[in-house]
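Here are my notes on this model, in numbered points. Please read them with the structure open.

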Amino acid sequence: MRKIRDIMTSDVETCTLLDNVFEVAVKMKEWNVGSIPIVDKDKLVGMITDRDIVIRGIAEKHPPSSKVETVMSDHLVTATPDMSTKDATRLMAEQQIRRLPVVEDDKLVGIVALGDFAVNEMTDEQAQHALSEISEPGNHMQ
């Protein structure tokens, strides 16, 4: 069975607690990504998605200069590099998330997105199940 380490992206662009929301948004644009992990040294402490910026930032009238803690999610769902891809897709479906940070010894070592499973020979059935569970109407997404 394949492991997360086999398909994860290990070159992950991050921001720190010293960055503000504007800087995170600029990094999202530069890297063409929809989420940025927030680290303190190498330890994962949060995630910010483009949706977080809209819902917790703009809609709540926080200025772009706001600290990342203002909009980041700190309820983190993570994987380990040795987690099976099957367990990871199940976790993503249960938690309604499309991106899963990969952590080893409290340090961010990678990230895996739903699309990574599809391009890495996940069975159509596994990918379809995970996507259908994550995309159900009325469910919250991270």
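1. Overall layout. The protein chain holds five helices and five strands. Note that this is a predicted model. From the N terminus on, the order of elements is β-α-β-β-α-α-β-β-α-α. Of the 142 residues in the chain, 39% are buried. Taking the contacts with a separation of 6 or more, 57% are between residues 24 or more positions apart. The chain exposes about 8400 Å², and carbon and sulfur atoms supply 49% of that area.

2. The largest core. In soluble globular proteins, nonpolar side chains tend to be buried together. Here the largest nonpolar core has 15 residues. Those with the most contacts inside it are Ile4, Met83, Ala88, Met92, Leu100, Val112 and Phe117. At least two core residues come from each of helix H3 (85–95), strand S4 (99–104) and helix H4 (114–119). H3 gives the largest share, three residues.

3. Met83 and Ser84. Which residues does Met83 touch, leaving out those up to four places away in sequence? They are Arg2, Lys3, Ile4, Thr78, Ala88 and Leu91. Ser84 sits in the loop between helix H2 (50–58) and H3. Leaving out residues up to four places away in sequence, Ser84 touches Met1, Arg2, Lys3 and Ile4. Ser84 counts as buried because its relative accessibility is 8%, under the 20% limit. A polar atom of the Ser84 side chain lies 3.0 Å from the backbone nitrogen of Asp87.

4. The S4–S5 hairpin. S4 and strand S5 (residues 107–113) run antiparallel and are joined by six bridges. Val102 stands opposite Gly110 in S5. Two residues separate the strands of this hairpin. Asp105, in the turn, has a positive phi of about 55°.

5. Helix H1. Val21, Val24 and Met28 are buried in H1. Seen down the axis of H1, the buried residues fall within an arc of 60°, so they line one face of the helix. An α-helix has 3.6 residues a turn, so residues three or four places apart point the same way. The buried residues of H1 pack against strand S1 (15–16), S2, S3 and H2. On the face turned away from the buried side, H1 carries the exposed residues Phe22, Lys29 and Glu30. Asn32 follows H1 and has a positive phi, near 55°.

6. Helix H2. Which residues of H2 are buried? They are Asp52, Ile53 and Gly57. Seen down the axis of H2, the buried residues fall within an arc of 100°, so they too line one face of their helix. Their cover includes helix H1 (21–31) and strand S3 (43–49). Ile58 also lies in H2. Is Ile58 buried or exposed? Ile58 is exposed, because its relative accessible area is 58%, over the 50% limit. Ile58 and Val71 are 13 residues apart in sequence, and their C-alpha atoms are 9.6 Å apart in space.

7. Two lysines to check by eye. Most residues other than glycine have a negative phi, and most peptide bonds are trans. Lys41 has a positive phi, near 60°. Lys41 lies in the loop between strand S2 (35–40) and S3. Lys41 counts as exposed because its relative accessibility is 74%. Lys61 has a positive phi near 60° as well. Its place is the loop between H2 and H3. Lys61 counts as exposed because its relative accessibility is 75%.

How values were computed: Residues are numbered from 1 along each chain as its sequence is written. This is a predicted model: local features need pLDDT of at least 70, side-chain atom pairs count only at pLDDT 80 or more; totals for chains, interfaces and linings use all residues. Side-chain values use heavy atoms; hydrogens and water are left out. A nonpolar core is a set of buried Ala, Val, Leu, Ile, Met, Phe, Trp, Tyr and Cys residues joined through side-chain atoms within 4.5 Å. Buried means under 20% relative accessible area, exposed over 50%, partly exposed in between (1.4 Å probe, protein chains only). Helices (H or I, at least four residues) and strands (E, at least two) are DSSP runs, numbered from the N terminus. Contact means heavy atoms within 4.5 Å. A polar contact is a pair of N or O atoms within 3.5 Å; within protein, one must be able to donate a hydrogen and the other to accept it, and residues adjacent in sequence count only if both atoms are side-chain atoms. Two strands pair if DSSP finds at least two bridges between them. The arc is that of the directions from the helix axis to the C-beta atoms. Accessible areas come from the Shrake-Rupley method with a 1.4 Å probe; for residues, only the protein chains shown count as cover.
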